[in-house]
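Dear colleague,

Please find below the structure that I am handing over to you, followed by an account of what was found in it. I would be grateful if you kept it open while reading.

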Amino acid sequence: MTPHPSREPSADTALDDELERALAVEPSPEFVARIRTGIAQEAMSSRWSLPRLVAVAGLALVPVVALVLLRPAPRPSTQPIDAVASSSGPAVAPPVRLVEPTPEPAQPAVVRERPSTPRARAAAAPRSTAAPPEVLIAADEAEALQRLLAGIRDGRVDPASIPPDPFAVAAAEPVQLAIAPITVAPLVIEEGEHP
Amino acid sequence: MMHEYTDRLVGGLVSVDDELEREFEARLVESSTLAFRVAYGVLRHRQDAEDVAQEAFVRAHRSFRQLRNRDRFRAWLVRMTWRLAIDRQRATRRRAAREQTSWSTTPPTTPDVVESRARSDQLWRAIDALPEKLRVVVVLAAMEGHDIGEVSQLLKLPAGTVKSRLFLARQQLKKLLQ
């Protein structure tokens, strides 16, 4: 830069010289090196900027997502139910062997696969044969029935004298209903009335 | 085939980056003193001026790729440095005042030095008293032999506006220095 290439002629030279001297300051010798260092540091820090961090985090998540998505679905087991029951801790119901190596050709072996859903599992659960099923009868009915049976056993009650089920008889024979015939009187138009 | 293409692409990008870096380095060497003096013209504190000029260069480097007209780099840098320096001055006005006081209270050695220092203080006070739009014109015109055309290019102002502002600034300075 050449000094004063086209300085205005009207300028106050003394004032200009004074201003020039005031501003003729030089930076320190290491100033340019400091700027280069600052630029290098800024470039380094910008390498780990937010978009880059997001990209790295996304890359780290890829294997996790892939693992979740590609995990094999639980396959239905082909094991017999007794084996399953024996391997799954304390059994509530007694183990029922459904796969029987029976020599009878007429009775094919029943192979039950383990149901996948809890509802199907409950439906397919083996019923216990150790205890008879509880019959729910009202206490007074049970007492009356016991008394009837005891009377028959003792000969006090003749079974032939027991009437058939009144509800069944009533259901078999419909009741005849007597319905009076309906008579409709003809209309009579009196004078002064409009039809 | 694909590898050749990517190699050429990567090589091209690297060479573009290298070229940009070389160009920026040239601009840095050419304009570092200017940026420092612009900052010093506002702050009158060497360390602060260097900090501000450095920050301006870091920002300039960040956006250098987006600068369409590289010939406008100096103007761009000057305006950015001036703005940063004004911001720094506002933030550290009290500290700058303390620096000025401590510098002024340094014991003078000879009567010439005393007179020179007093005159310098008076001049800077007068410059500080100018409105900002006059101050930037007078500071830029006083450094590195900038003429009106160069100042108008640096400030993106019409030459007539620069001339009138320079005239007004000198008038006010003369008045303040009398």
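The predictor's confidence in each residue is given as pLDDT, on a scale from 0 to 100. This is a predicted model, in which local features need pLDDT of at least 70 and side-chain atom pairs count only at pLDDT 80 or more, while totals for chains, interfaces and linings use all residues. Residues are numbered from 1 along each chain as its sequence is written, and chains are lettered from A and ligands numbered from 1 in the order in which they are written.

Confidence in chain A

The mean pLDDT of chain A is 70, with 53% of its residues at 70 or more. Over residues 1-8 of chain A pLDDT stays under 50, and the model has 10 contacts beyond four places in sequence for them; two residues are in contact if their C-beta atoms, placed from the backbone, lie within 7 Å. Residues 82-91 of chain A likewise stay under 50. Where pLDDT is low, the predicted coordinates should not be read in detail.

Composition of chain A

Chain A has seven helices and zero strands; helices (H or I, at least four residues) and strands (E, at least two) are DSSP runs, numbered from the N terminus. Of the 195 residues in chain A, 3% are buried, that is, have 20 or more other C-beta atoms within 10 Å of their own, with C-beta atoms placed from the backbone.

Contact between the chains

In the interface, 28 residues of chain A are in contact with 28 residues of chain B. On the chain A side, the elements that give two or more residues are α1 (13-23) and α2 (31-47).

Helices α1(A) and α6(B) pack at an angle of about 85°, their axes being 8 Å apart; axes are lines fitted to C-alpha atoms, for helices over the stretch in contact, and angles run from 0 to 180 degrees between N-to-C directions. α1(A) is therefore roughly perpendicular to α6(B), a term that covers angles of 65 to 115 degrees. Asp16(A), Leu19(A), Glu20(A) and Leu23(A) of α1(A) make this contact with Val138(B), Val139(B) and Ala142(B) of α6(B).

Helix α7 of chain B

The buried residues of α7 (residues 148-155) of chain B are Ile148(B), Glu150(B), Val151(B), Ser152(B) and Leu154(B). Their cover includes α3 (73-91), α6 (132-142) and α8 (159-177) of chain B.

Yours sincerely

Technical notes: A residue is buried if 20 or more other C-beta atoms lie within 10 Å of its own, exposed if 12 or fewer, and partly exposed in between; C-beta atoms are placed from the backbone. Angles under 35 degrees count as roughly parallel, over 145 as roughly antiparallel, 65 to 115 as roughly perpendicular and the rest as oblique.
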